[in-house]
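Biologist: Before we rely on any label attached to this model, could we go through what each one rests on?

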Amino acid sequence: MTPETQIKVPEDYKKKLPRDVAIALETCVRCGLCTESCHYYKSNPKSDFIPAYRAEVFRRILRKKDYSEKSLGAMSDIAFSNCTLCRRCVMTCPLGVDTGLLMREARGLAVASGTAPEILVQLADTAISRGEDIEIFREMFLENIKALEEEVRQLTGDPQAVIPVDKKGADILFVALSGAHSIIPPSILFHYAKANWTLSFFEASNYGVLIGDKDRAKRIVQRIVDEAKRLGVKEIVVGECGHAYNTLRWEAPKWFDGGFPFRVRSIIEVMAHLIQEGRLPLDKSANPEPVIYHDACNLTRNGGLLEEPRIVLRAAVKDYREMSPNRDDSYCCGGGGGIIAVPEWDSKRMEAGKPKAEQIKATGAKVVIVACDNCRIQINDLNEHYKLGINIGGITETVVKAILKAVKGS
Amino acid sequence: MAEEIKANVTLNLEGLMCPMPVVRISKAIKDVVVGEVIEATATDPGVLIDIPAWARTTGNEVIKIEREGKIVHFFVRRLK
Amino acid sequence: MDFTNPSYLVLIVSLVVGLGGILVRVAMLLGHSAPKDPSPPRVSPFKSIVYAYTIGMLPWKKESARLHKLVYLRGVLLHLGVFTSIVLLWLSLFVDAKSLYGSVAFSPLLGLGFLAGLAAVIVRIADKNLRALNRPDDFISLILVTLIILSAFGYVLSITSREVFWGAASAVLLYLPWSKIPHVAYFFFAKNVFGIYFGRRGVMPAPKKSI
């Protein structure tokens with residue numbers, strides 16, 4: 001293919017866009033008031049980093065039907081590496097134009113035209129493959145969980161502690177990420193909360209969503225939905241993953257006729273509820289250092305978990321502080337939208353993370369609590385790059401420390 | 001036995017969280033020629049499933065993958 | 001109403017083209033599918049839409065307005081000037097402003113609106129970020145609406161004739177279907193989507209702070 005090669009895009013592509021996308025395409029008046037809302041622009045004030053500029057690149061392609069390899073490649077680069085889909089610009093737009101939505105649509109067009117980053121598509125397909133051939137992976141998964149269960153028993157000192165898998169009649173289907181850090185602390189939490197739960201065979205993350213490919217995204221979610229229905233659970237609880245929560249709680253129900261027959265909550269909501277009901281023994285002295293919470297865009301601005309993490313942390317740590325701005329006004333850490341999985345963009349994401357690094361530094365906190373793995377990887381890297389001298393922890397892990405201190409004194 | 005497999009490239013993926021082990025392997029596989037083998041160690045237990053699933057997706061071969069305590073040790077051969 | 005007046009006839013035709021154009025564009029927008037959202041909302045969409053149109057639009061609620069007070073003020077004045085011109089245009093169809101008691105009272109809003117429009121044109125040329133965003137339509141639309149405000153200003157002060165005002169209005173109306181000006185209609189759709197998106201999620205209006 002040469003840069004001039006025309007890529008076949010359906011003639012009615014624009015007509016078939018959903019109405020909210022069409023509205024975002026038509027409404028912008030290019031006033032530029034979104035400029036400073038973007039963490040990319042804040043760290044490097046180039047016109048290319050203005051949210052409206054990014055959207056204009058997509059609009060121009062659709063307006064002129066310019067589907068050349070070169071133009072779609074440039075659009076793909078912008079949609080994937082100059083925007084983390086954080087939607088801070090949407091909050092500040094006088095008209096409420098959803099540029100994040102447009103960038104997600106641009107990503108989808110990039111995938112359809114073969115100009116999207118290969119690794120992101122591979123990660124989505126890897127998750128789908130896992131769902132298609134469960135039996136191939138089952139034994140390895142169970143062996144893995146047995147090893148983690150042993151760790152849970154050691155940490156709780158309870159030889160009866162379990163990580164239930166495939167448990168019919170459980171109330172909760174807990175969907176974690178694949179790492180031990182995402183499975184062990186929640187297992188301990190559920191153990192002490194005496195929850196009737198079971199661990200999902202599938203991981204929560206959904207690269208189909210991040211690449212704006214609804215078909216792949218739905219197939220990834222379908223695995224979890226089928227599992228939840230098969231086990232007859234009352235709710236799905238999503239582990240510490242921003243885009244997975246946003247997807248399962250808010251986006252995916254639209255892809256299934258009539259939505260879900262179960263509730264979807266984040267583990268943060270579960271903990272806040274348990275704390276408010278006084279059902280968790282907590283000793284704050286387990287977390288004595290100054291702690292701040294990073295509002296992951298997909299949990300806060302796009303997920304609505306503004307107060308729950310604060311309710312949890314205030315109960316579990318001694319010295320809780322806030323970054324400024326915070327909550328729905330918080331800056332993206334620069335690691336969202338899948339950019340962490342593309343090594344070619346590492347220096348770009350370090351630059352885009354500068355506002356977050358400065359926010360963290362200004363608080364003087366020693367511990368940053370992050371409830372999203374994308375953000376966690378990014379803030380770890382920011383810590384090294386900007387020499388922040390902080391420790392990074394998960395919110396469930398922090399609560400579990402306080403539980404173990406209260407229960408076991410250690 | 002691990003020592004019977006001759007690796008052309010060795011990667012240390014210990015300490016990396018998902019999806020970074022898959023990302024690193026995906027990048028490294030492009031730097032070896034078809035038939036060559038990458039040996040890697042990781043601490044994220046998720047790779048036990050993610051690496052075989054990635055290999056199925058991309059048409060490569062996991063020659064061996066096993067847990068050795070908290071370390072997952074595996075070999076991947078480039079087939080395409 | 002004077003059907004023997006050519007500028008009146010041109011204005012009527014322009015009104016049909018302009019308003020018809022907006023209707024067609026809105027109809028095209030409504031032709032796009034809008035899937036139902038069955039996710040259980042945290043805040044009722046009605047409450048959040050009301051918020052989006054009221055408190056959510058206050059300058060201190062938007063970072064952009066806090067950072068760019070002058071730009072915000074300029075935008076408000078320009079739009080007030082445009083809306084005043086529209087009101088005046090409507091009145092002028094039935095009665096000449098010269099005989100309209102108090103029409104000169106419109107002049108401060110129109111004068112300030114014109115200055116705001118003029119400033120907006122200058123800033124669009126001078127500001128490097130806006131230069132990167134500009135489409136030709138941004139200039140054409142802005143200049144045309146600034147001219148309609150100017151002609152309305154001249155008209156209420158009896159400096160220029162009603163025909164000049166109608167001429168400027170006709171130019172805007174004829175260009176309207178191909179311009180960004182229908183954002184006046186899209187605005188409501190965008191605000192609804194905005195209100196529903198952040199409202200359902202419980203982000204807006206924000207819950208009571210726990211700390």
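Modeller: In this predicted model, C:Leu112, C:Leu115, C:Leu118 and C:Ile122 form a nonpolar patch on the surface, and together they have about 360 Å² of accessible area. Of these residues, C:Leu115 has its place in helix H5 of chain C, residues 107–126.

Biologist: What makes these residues a patch?

Modeller: The term asks for nonpolar side chains joined within 5 Å, from residues with over 30% relative accessible area and no salt bridge; C:Leu112, C:Leu115, C:Leu118 and C:Ile122 are therefore called a patch.

Biologist: Why is A:Ser187 called buried?

Modeller: The relative accessible area of A:Ser187 is 0%, and buried means under 20%, so A:Ser187 is counted as buried. Its place is in helix H9 of chain A, residues 184–192, and, leaving aside residues up to four places away in sequence, A:Ser187 touches A:Val152, A:Ile163 and A:Trp197.

Biologist: How do you know that E1(B) pairs with strand E2 of chain B?

Modeller: Pairing requires at least two bridges between the strands, and five bridges join E1(B) to strand E2 (residues 37–42), the two running parallel; the pair therefore meets the criterion. Within it, B:Leu11 stands opposite B:Ala40 in E2(B).

Biologist: What makes strands E1 and E3 of chain B edge strands?

Modeller: The open sheet has four strands in the order E1-E2-E4-E3 (chain B), with mixed pairing, and strand E1 (9–13) and strand E3 (61–68) each pair on one side only. Neighbouring strands of this sheet are turned by 15° against each other on average, direction ignored. Helix H1 (residues 20–29) of chain B lies across E1, E2 and strand E4 (71–77), running at about 160° to E1(B).

Notes: Residues numbered from 1 in each chain as written. Chains lettered and ligands numbered in written order. Predicted model: local features only at pLDDT ≥ 70, side-chain atom pairs only at ≥ 80, totals over all residues. Heavy atoms only, no water. Axes fitted to C-alpha atoms, helices over the stretch in contact; angles between N-to-C directions. Contact = heavy atoms within 4.5 Å. Buried < 20%, exposed > 50% of the residue type's maximum accessible area, 1.4 Å probe, protein only. Patch = residues over 30% accessible without salt bridge, like charges linked within 9 Å, V, L, I, M, F, W, Y side chains within 5 Å. Areas by Shrake-Rupley, 256 points an atom, 1.4 Å probe, with all protein chains shown as cover. Salt bridge = Lys/Arg side-chain N within 4 Å of Asp/Glu carboxyl O.
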